[in-house]
Amino acid sequence: VKYVLLFCGTDEDAAAFAALSEVELKERYALVGRWFAEHRSRIGASNQLQGPETATSVRFGPTGPGVVTDGPFLEGKEQIGGYAEIDVTDLDQALEIARTWPGRGTVEIRPVITSR
Amino acid sequence: MAGSWHGGDSSGHNVAVTTATEETLTALFREESGRLTASLVRVLGDFAVAEEVVADALMLAWRRWPVDGIPGNAAGWLWTVARRRAVDQVRRDTRYVGKLALLAAATPEQAEPADEDDRLRLLFTCCHPALSHEAQVALTLRTVCGLTPAQIAGAFLVSESAIVQRLTRARRKIATAGIPYRVPDVDHLAERLDAVLAVVYLLFNGLPHEHRRQCAAAGLDRGCRVARDVARSAYAHRAGGAGTARADPAAPCPRRRTV
């Protein structure tokens, strides 16, 4: 089964991340790098995203053209910082990988719709 | 187990049978429905279809047996009917092509030895942490204990449609999110056991009297089995006694939660 892991966090998580010292940041990235290396065989496309302040959205109403707005779709305190596609046998295996995520915040696991 | 239970609740069934037969049937159905569902979920990997064909088989028995008498091998009879219905269902849906051979090969005799494991797997799947506590409880009562949505609704003073919806959503999540059908390995058993115990505990304390005995027996039965398995695995893995202690059915259960 293919899943996408969405690496999410609240504004507080983002603030805590931004407050990391250079050394701490290096350590964090090292941990994350190790995590990706460890699960390399299961991970497909993955990327870290620029912050929500860089987001642009095209919103579609029931009819008519989309309207371009500044800002992310998720308007609350949550934001998505990155994603990784994984290919595993079941949710338990996905959970096992997600549990070891060193980036803190919240990891949302979503199954990918695959054509039969 | 059959015939030893006297809290028969026949509401929702309009078939006229004698009281004694009705009680025997209700008890028998409760026992067999969990067993059958568990085996069919293993073969089909689909809760909805498994429950549907089991319901069909029980319905047929409910009509036939008061007239024809209960067959000597009641479990085998039900299994044969349910399997036949499952084959029909599977033929209609190309997604299940690979399951046909499995179904054809699955005889009650072969299903029997794996039976207890199947039901234990079913219990762990129903109580997977990816499902809400409410969904876990409803699904366990439906599939492991064989209560009808109406009975579950009555027990928790919720509307039947709400329970049906809860069950549908839970089954869909199991299928689409890829929640596996198995007992977790020893490394994860302890953390998964809490949810199972919370549900089993609710079977003891949160249900009206007439359902309690049946469900508690079913839950405790599986609970003891988990305890034995954990003890065995823990010993084999030299993982110490932590897992064993938590699996002790006599140990204090998690605090009661409402549904």
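In the predicted model, B:Arg121 belongs to helix α5 of chain B, which covers residues 108-126; helices (H or I, at least four residues) and strands (E, at least two) are DSSP runs, numbered from the N terminus. Leaving aside neighbours within four places in sequence, B:Arg121 is in contact (heavy atoms within 4.5 Å) with B:Arg42, B:Tyr181, B:Arg182 and B:Val183. The C-alpha atoms of B:Arg121 and B:Gln89 are separated by 23 Å, the two residues being 32 residues apart along the chain.

Because the model is predicted, local features need pLDDT of at least 70 and side-chain atom pairs count only at pLDDT 80 or more, while totals for chains, interfaces and linings use all residues. Residues are numbered from 1 along each chain as its sequence is written, chains are lettered from A and ligands numbered from 1 in the order in which they are written, and side-chain values use heavy atoms, with hydrogens and water left out.

Chain A contains three helices and six strands. From the N terminus on, its elements follow the order β-α-α-β-β-β-β-α-β. Along the principal axes, the C-alpha atoms of chain A fill a box of roughly 45 × 45 × 20 Å.

Over all chains, 10 salt bridges are counted, a salt bridge being a side-chain nitrogen of Lys or Arg within 4 Å of a carboxyl oxygen of Asp or Glu. In one of these, the closest N and O atoms of A:Glu85 and A:Lys2 are 4.0 Å apart. A:Glu85 lies in strand β5 of chain A and A:Lys2 in strand β1 of chain A, so this pair ties together parts that are 83 residues apart in sequence.

The contact between the chains takes nine residues from chain A and 12 residues from chain B. About 820 Å² is buried between chain A and chain B, and carbon and sulfur atoms give 49% of this area; buried area is the accessible area (1.4 Å probe) that two parts lose on being put together, summed over both. Three salt bridges are counted between chain A and chain B. In a salt bridge between B:Arg192 and A:Asp92, the N to O distance is 3.7 Å. Helix α3 (residues 91-99) of chain A provides five residues, the largest share of the side of chain A that touches chain B. That side of chain A has four nonpolar, no polar and five charged residues, where Ala, Val, Leu, Ile, Met, Phe, Trp, Tyr, Cys and Pro count as nonpolar, Asp, Glu, Lys and Arg as charged, and the others, Gly among them, as polar.

The largest pocket holds about 1300 Å³ of space. On a 1 Å grid over the protein atoms alone, a pocket is an open set of points where a 1.4 Å probe fits, with protein on both sides within 12 Å along at least five of seven lines, and lining residues have an atom within 4 Å of a point. Grid points are joined across faces, edges and corners, and a volume is the space filled by probe spheres set on the points. The lining of the largest pocket comprises 40 residues, with B:Ile174, B:Ala175, B:Thr176, B:Ala177 and B:Gly178 nearest its centre. Helix α8 of chain B gives the most to this lining, with seven residues. By class, the lining has 21 nonpolar, six polar and 13 charged residues.

The second largest pocket has about 710 Å³ of space. Among its 31 lining residues, A:Phe7, A:Phe17, A:Gln48, A:Gly81 and A:Gly103 are the closest to its centre.
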